[in-house]
Amino acid sequence: MTAPPWFSPAVIEALRAARHVAVLTGAGISAESGIPTFREALTGLWATYDAEELATAEGFARQPRVVWQWYESRRAAIRAAQPNAGHRALAALADLVPRLTLVTQNVDGLHRRAGSPDVIELHGNILRSRCSREGIVMEAGSTSESPPPCARCGAPLRPDVVWFGEILPAAALVAAEAAAAACDVFLSVGTSNIVYPAAGLPWSAAARGAPVLVVNTTAEGQPRGPNIHFALGPAGAVLPALLAAAWPRA
Ligand code: BV8
């Protein structure tokens, strides 16, 4: 991790002057809460499971108990986890800028637990279940080995998340795209930019000329461009430092 200052003066000035800041977070912001990311070798769920196999409706139809138990194990880890300084910095950011749109790909609910008032969950929330037939959503119940039956129709419940090949919640995606199209600064935090349509959001902001700050432990795999800046380091350290640099007396 390079020592501070991680931030170009242009980014700090743009942040200070911003009327509207948009943020997209990915699994990396929850890594310091002890939740494995998807694609990092060794620790990533992507390496441990064939997530493309498990995080799909086809995978659930083929092996409901395996998929359900994978989600139950992730739910247990998430319930035991705490928001970290990165989540808390983004919650504090809401009070420092006139308008903040916080969009997350994460399904762990940690932004809300950190105090962020409005969170756009593009990929749903693992702590909710829904009927696989009628779509009725409910809080996840007690742990079970296999998908419990829907109390109304008896169909198996499934996690209330967006699987690969499924469309994102329309209102969430429209709000996220509107923020990327209107924001003065875009922060891309802890995401590998692999999964679409979320991965397109920062770059539509950059294409308009809005500065994009990538907060990540690596620049690997991140697109480059004149409006794309990097702050390399763990989000739990970089985001508090960013707020301190932009609002030293806050
Ligand atoms: C869609 C919920 C329209 C479930 C997730 C074929 C058919 C259909 C669609 C496609 C297709 N081929 C491609 C697609 C599109 C597909 C896609 O993008 N696939 C990828 C793999 C290429 N997208 C979809 O399917 C989407 N739907 O397109 O619908 C449609 C419909 C039908 C037919 C055609 C089109 C749905 C996408 C949503 C999938 N669901 N999650 C669950 O969680 O179980 S996605 C999953 O990946 C998670 O939500 C995760 O958040 C997300 C993105 O990953 P990241 O968050 O970026 O995490 P990752 O591990 O990759 O990276 C972590 C980063 O953090 C790294 O950069 C690392 O360096 C960094 N980091 C680590 N530690 C730190 C850190 N940074 C800072 N600090 C640290 N401490």
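Colleague: How many bridges join strand β4 to β6, and do the strands run parallel or antiparallel?

Modeller: Strand β4 (residues 124-131) and β6 are joined by 5 bridges and run antiparallel. Strands pair if DSSP finds at least two bridges between them; helices (H or I, at least four residues) and strands (E, at least two) are DSSP runs, numbered from the N terminus. This is a predicted model, in which local features need pLDDT of at least 70, side-chain atom pairs count only at pLDDT 80 or more, and totals for chains, interfaces and linings use all residues. Residues are numbered from 1 along each chain as its sequence is written, and side-chain values use heavy atoms, with hydrogens and water left out.

Colleague: Which residue in β6 stands opposite N125?

Modeller: That residue is D160.

Colleague: How many residues of strand β6 are buried?

Modeller: In strand β6 (residues 157-161), 5 of its 5 residues are buried. Buried means under 20% relative accessible area, exposed over 50%, and partly exposed in between, with a 1.4 Å probe and protein chains only.

Colleague: Turning to V119, where does V119 lie, and is V119 buried or exposed?

Modeller: V119 belongs to strand β3 (residues 119-121). V119 has a relative accessible area of 11%, so V119 is buried.

Colleague: Which residues is V119 in contact with, leaving aside its neighbours within four places in sequence?

Modeller: They are L102, T104, H111 and R112, where contact means heavy atoms within 4.5 Å.

Colleague: On to the rings. What is the count of aromatic pairs?

Modeller: The count is 3 aromatic pairs. Rings of Phe, Tyr and Trp (its six-membered ring) pair if their centres lie within 6.5 Å; planes under 30 degrees apart count as stacked, over 60 as edge-to-face and the rest as tilted. One of the pairs is W70 with Y71, edge-to-face at 4.9 Å centre to centre and 65° between the planes. Another is Y71 with W163, which is tilted, at 6.1 Å and 55°.

Colleague: Where do Y71 and W163 lie in the chain?

Modeller: Y71 is in helix α5 (residues 64-80), whereas W163 is in the loop between β6 and α8 (170-182), 92 residues apart. Both are buried. Together with F60 and W70, they form one aromatic cluster.

Colleague: Which charged end sits over the ring of W70?

Modeller: That of R74, 4.6 Å from the ring centre. The criterion is NZ of Lys or CZ of Arg within 6 Å of the ring centre and within 35 degrees of the ring normal. Likewise, the charged end of R75 sits over the ring of W68, 4.9 Å from its centre.
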